[in-house]
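Please keep the sequence and the structure in view while going through the numbered points.

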Amino acid sequence: MARLNVNPTRMELSNLKDRLSLASRGHKLLKDKQDELMRRFITLIRQNNELRIEVEEKLSKAMQSFAMAKSLVHENFIEELMAVPTQSVNLNIDQKNIMSVRVPQMHFQYDDNAGDPKDLSYGYLNSNGELDLTFEYLVEVMPDMLELAEIEKTCQLMADEIEKTRRRVNALEFMTIPQLEETIYFIQMKLDEAERASITRLMKVKDMG
């Protein structure tokens, strides 16, 4: 490890020791942050996998019901049913802070005057039970899909932060701190050598006197 190019003086030695102390504290804090980020990241990955399985199962049920409904209901009726939404829905996105990482918080905002989003406002004359189930499955799965999107985006942002933190930890651990230690050792050796030389000169002067 190449040492820093500095003058071997006591003042420089003191400055380097201060820098080493600061770098060591920074390394510990960053390492603790990295460990905590990893712990939370692993927890989120598990939640993501479990929720993805649930969402895929619900979507599969919805598609199966829809396929059955299309075979029993005239396609024009289904297109007409889908043409005009029965209520408006807004997606609100806030942010929260996790270990200095700003991650999204998402939730739906339904029209206050529209009633329960699970209430299906269409006539039952041309309908059937499979179509009803399709809408029920889709309404039920939407919050789960939103939560899944939130978790996946959070995982992505946390993975980026973990990588940045890892690079900073490694830079301190394998470059900055060793360089400082090597330079401090070199300066200390130079100062000790100069002190021994000075003592030797004083002793020779004393002997000559």
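1. A definition is needed at the outset. A residue is called buried when its relative accessible area is under 20%, exposed when that area is over 50%, and partly exposed in between. The model discussed here is a predicted one. With a relative accessibility of 33%, Arg 166 therefore counts as partly exposed.

2. Where does Arg 166 have its place? It belongs to helix H3, which covers residues 129-208. Along the chain, Arg 166 and Lys 31 are 135 residues apart, yet a separation of 8.0 Å is found between their C-alpha atoms.

3. Arg 166 also takes part in a salt bridge, its partner being Glu 163, and the closest N and O atoms of the pair are 2.6 Å apart. In general terms, side chains of opposite charge can pair when their charged atoms come close. Because Arg 166 and Glu 163 are 3 residues apart in helix H3, about one helical turn separates them. Glu 163 has a relative accessibility of 31% and so counts as partly exposed. Salt bridges with shared partners also join Lys 33, Glu 161 and Lys 164 into one network.

4. How many salt bridges does the structure hold? The number is 13. One of them is formed by Glu 195 and Arg 10, with 3.8 Å between the closest N and O atoms. This pair links distant parts of the chain, since Glu 195 lies in helix H3 and Arg 10 in helix H1, 185 residues apart. The two partners fall into separate accessibility classes: Glu 195, at 41% relative accessibility, counts as partly exposed, whereas Arg 10, with a relative accessible area of 51%, is exposed.

5. A further salt bridge joins Arg 52 to Glu 56, and here the closest N and O atoms are 3.7 Å apart. Both residues are in helix H1, and because they are 4 residues apart, they are separated by about one helical turn. Arg 52 counts as partly exposed at 32% relative accessibility, and Glu 56 counts as partly exposed at 46%.

6. Which residues form the negative surface patch? They are Glu 50, Glu 54, Glu 57 and Glu 147. Helix H1, made of residues 10-72, gives the most to this patch, contributing 3 residues. Glu 54 lies in helix H1. Its relative accessibility of 40% is the reason why Glu 54 counts as partly exposed.

7. The last point concerns backbone angles. Most residues other than glycine have a negative phi. Met 99 has a positive phi of about 55° although it is not a glycine, and Ser 100, also not a glycine, has a positive phi of about 70°. Met 99 is found in the loop between strand S1 (89-98) and strand S2 (101-110), and Ser 100 is likewise in the loop between S1 and S2.

Definitions and conventions
Residues are numbered from 1 along each chain as its sequence is written. This is a predicted model: local features need pLDDT of at least 70, side-chain atom pairs count only at pLDDT 80 or more; totals for chains, interfaces and linings use all residues. Side-chain values use heavy atoms; hydrogens and water are left out. Helices (H or I, at least four residues) and strands (E, at least two) are DSSP runs, numbered from the N terminus. Patches are made of residues with over 30% relative accessible area and no salt bridge: like charges are joined within 9 Å, nonpolar side chains (Val, Leu, Ile, Met, Phe, Trp, Tyr) within 5 Å. Accessible areas come from the Shrake-Rupley method with a 1.4 Å probe; for residues, only the protein chains shown count as cover. A salt bridge is a side-chain nitrogen of Lys or Arg within 4 Å of a carboxyl oxygen of Asp or Glu. Lys and Arg count as positive and Asp and Glu as negative; His and the chain ends are not counted. The place of a charge is taken as NZ of Lys, CZ of Arg, CG of Asp or CD of Glu. Buried means under 20% relative accessible area, exposed over 50%, partly exposed in between (1.4 Å probe, protein chains only).
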